[in-house]
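This briefing is intended for a reader who has the sequence and the coordinates at hand. Please view the structure below before turning to the notes.

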Amino acid sequence: MTSSSSPSAAANTTGRANQKLRTRRAIVQAAAELSRTGREVSMPEIAEAALVSEATAYRYFPDLVGLLQEAISGQLPGPDEVLGAVEHSADPVERVTAAAEFLLRHVLSRQGVVRAMIAGTVARPGRSARPGLRFGLIDHALAPLAQGEAIGPAALEQLRRGLAVVVSADALFNLTDLYGLDPEDAITSIVGTAADLTRAAADRGAGTGRAPGGR
C-alpha cells in the first residue's frame, strides 16, 4: 500500500494544485478578455471562454462580481497616465474636462463589465464592489484648486461630491438608457455639466478673494 507521504502521492498532490491554479487563471483570463469587448459579461460566457463548466467557474468564484474584481485588477490606468496631456495645466476646468471625457469613454468601451459591477453593488450595497476610478481622477484633476487654495475646503469638498455624481457610469447610463440620448450626445452633455460645475466653483472662489495659487 502506498503511503500518503510517498513521492507518488506528493506528485499527485502537486499536480492537482497546479491544475487548480491553471483553471483559476484560465477563468480570470477569460473574464479579463471579455471585459474588454464591451459586451454583456456573464458567468456562463466566461466559463465557455475558459473551457470549463459553469459549475466549475462558480466553485472558484462564488459570484460574478468577485471574479470581475480580480479580472480587471491592474487594468485600470492611474490618474497620472489619464491626465498626462494636461498634467502641466493649472486650469481645473481643462483638467476636469479631460478626466470626464476619459472616464465616460472608458465606461462606454467596457460597459458590459461596468453594468455587471453596478448590478452587484445594487444587489449587495454593503459590499464595495466597484473600483471607483472616478474618485482618483477627480481628486487629481482638482489638485490645482486644492494646492493653490483657490476655494475653501468646504466648497472643494462640495465640488468633489457634485463631480462624483455627474462624472459616473450611472449618469451615462441614465442618459442613454432612460433619457434616450445617443452615447456621444450623453458624453458631451456630462462633460459640459462637469466643466460648468468646476467653473462655477472656481469663479465663486475668485469672487471671495481666493485666487489660484493662494494670492
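This is a predicted model: local features need pLDDT of at least 70, side-chain atom pairs count only at pLDDT 80 or more; totals for chains, interfaces and linings use all residues.

Residues are numbered from 1 along each chain as its sequence is written, and side-chain values use heavy atoms, with hydrogens and water left out.

**Overall fold**
- The protein has twelve helices and zero strands (DSSP runs numbered from the N terminus: helices are H or I with at least four residues, strands are E with at least two).
- Of its 215 residues, 41% are buried (under 20% relative accessible area; exposed is over 50% and partly exposed lies in between, with a 1.4 Å probe and protein chains only).
- Among contacts (heavy atoms within 4.5 Å) between residues at least 6 apart in sequence, 70% join residues at least 24 apart.

- Beyond its neighbours within four places in sequence, Leu 67 contacts Ile 27, Val 28, Ala 31, Met 43, Ile 46 and Phe 61.

**Backbone feature**
- Most residues other than glycine have a negative phi.
- Leu 51, although not a glycine, has a positive phi of about 65 degrees.
- Leu 51 lies in the loop between helix H2 (43-50) and helix H3 (54-60) and is exposed, at 77% relative accessible area.

**Salt bridges**
- The whole structure contains eight salt bridges (a side-chain nitrogen of Lys or Arg within 4 Å of a carboxyl oxygen of Asp or Glu).
- Glu 70 pairs with Arg 24, with the closest N and O atoms 2.8 Å apart.
- Glu 70 belongs to helix H4 (residues 64-72) and Arg 24 to helix H1 (residues 7-35), so this pair ties together parts 46 residues apart in sequence.
- Asp 139 and Arg 160 form a salt bridge at 2.7 Å, N to O.
- Asp 139 sits in helix H8 (residues 133-141) and Arg 160 in helix H10 (residues 153-166), 21 residues apart.
- A network of salt bridges links Asp 139, Glu 157, Arg 160 and Arg 161.
- Arg 199 and Asp 196 form a salt bridge, with closest N and O atoms 3.1 Å apart; both lie in helix H12, three residues apart, and are separated by about one helical turn.
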